[in-house]
Amino acid sequence: MGVYHAGSRTVQDRVGVREQADHVGRSVGRGIRGVAAAFLELQPLLVAGAADPSTGRVWASPLTGAPGFVRATGPHRVSVTCHWLPADPLATAFATPGTPVGTIALDPRTRRRMRLNGRLGPTARGFAIDADQVFANCPKYLQKRESYEIVADRRSGDPLRGTELTPGQAEFVTAADTFFLASVHQDGADVSHRGGNPGFVRVDSPGELSWRDYPGNSMFLTLGNLAADPRAGLLFLDWTTGSTLQLTGEAHTEFGPERRVRLAVREVVETPSALPLRWSAPEYSPANPDPAG
């Protein structure tokens, strides 16, 4: 499978960055190098994205565990040892052999991130992923958090489900400095990171939100996926309380002087205290534009 499909090429050509994309695309491979394996084993959080086989809706879900719960077990394979929440929208996907899945491991302590996409196979203690694409991203728009702690006695609350954002959930979104975006294409899935100062995501109505697409690595994997298949899943985290907000719907990109992505929300799942992690306060990336600008 090549690095780019027709959707990404369409966006690259529209923006005029095909040459840059080809240069950056040479860093994408199938192999998990030693430095990448070591990075994965240090992480307490992995975000996975896929389409739910039972509904076709795309979601992004957080997976947590003690460092080492994600580890390379071969040159093209990783093992994920964890138990996801019973109400996780991707529980069926994680248990279905051959599910295309995208993952991102993001370390706020070092502003490093790594993406690994492939197909998963369930195991007795989680799942394994046979990698198709492995690559790192630059630290742009990634907020630094110096440390985290595991809150051992934190217990997940009952999930709150809906078809649009409540006022409290809208505040959750507009206060966020980070979210994760899952998308799919004919041959796979992908999860990317989006970051900015609070307010960079705008709630336009209870059923729609939008964000400015800041300049990145010119690959346009996510926007390329959305050009080919508008299904998308968003994950917002409360880095202090561990609460999560997952959205699924359809997204499209508006091209103009300001490139903006809009998501029509179809389903919402909010889970209080879902994750046992409490991170320190953020130091915002110096690359973040002013949301009001």
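Analyst: Helices (H or I, at least four residues) and strands (E, at least two) are DSSP runs, numbered from the N terminus. By that rule the protein chain has 6 helices and 19 strands. This is a predicted model, in which local features need pLDDT of at least 70 and side-chain atom pairs count only at pLDDT 80 or more, while totals for chains, interfaces and linings use all residues. Residues are numbered from 1 along each chain as its sequence is written, and side-chain values use heavy atoms, with hydrogens and water left out.

User: How do you know whether the radius of gyration of the protein chain agrees with that of a compact globule?

Analyst: The radius is taken over C-alpha atoms, and the globule rule is 2.2 Å times the number of residues to the power 0.38. For 293 residues the rule gives a value near 19 Å; the protein chain has 18 Å, so the two agree. Along its principal axes, the C-alpha trace spans about 50 × 45 × 40 Å.

User: Why is Arg-111 called buried?

Analyst: Buried means under 20% relative accessible area, exposed over 50%, and partly exposed in between (1.4 Å probe, protein chains only). Arg-111 has 16%, so it is buried. Arg-111 sits in the loop between β5 (99-107) and β6 (112-123). Its phi is positive, about 55°, although Arg-111 is not a glycine.

User: What class does Ser-273 fall into: buried, exposed or partly exposed?

Analyst: Ser-273 has a relative accessibility of 24%, so it counts as partly exposed. This residue lies in the loop between β17 (260-271) and β18 (277-279). Ser-273, which is not a glycine, also has a positive phi, near 50°.

User: What makes strand β2 count as mostly covered?

Analyst: In β2 (residues 58-64), 7 of its 7 residues are buried. Val-58, Ala-60, Pro-62 and Thr-64 point one way from the strand, Trp-59, Ser-61 and Leu-63 point the other way, and all are buried. Over the whole chain, 50% of the 293 residues count as buried.

User: How do you know that β1 and β2 pair?

Analyst: Two strands pair if DSSP finds at least two bridges between them. Strand β1 (residues 45-51) and β2 share 7 bridges in the antiparallel sense. Ala-48 stands opposite Ser-61 in β2. The hairpin of β1 and β2 has 6 residues between the strands, and Gly-56 there takes a positive phi near 85°.

User: What share of contacts between residues at least 6 apart joins residues at least 24 apart?

Analyst: Contact means heavy atoms within 4.5 Å. Of the contacts between residues at least 6 apart in sequence, 70% join residues at least 24 apart.
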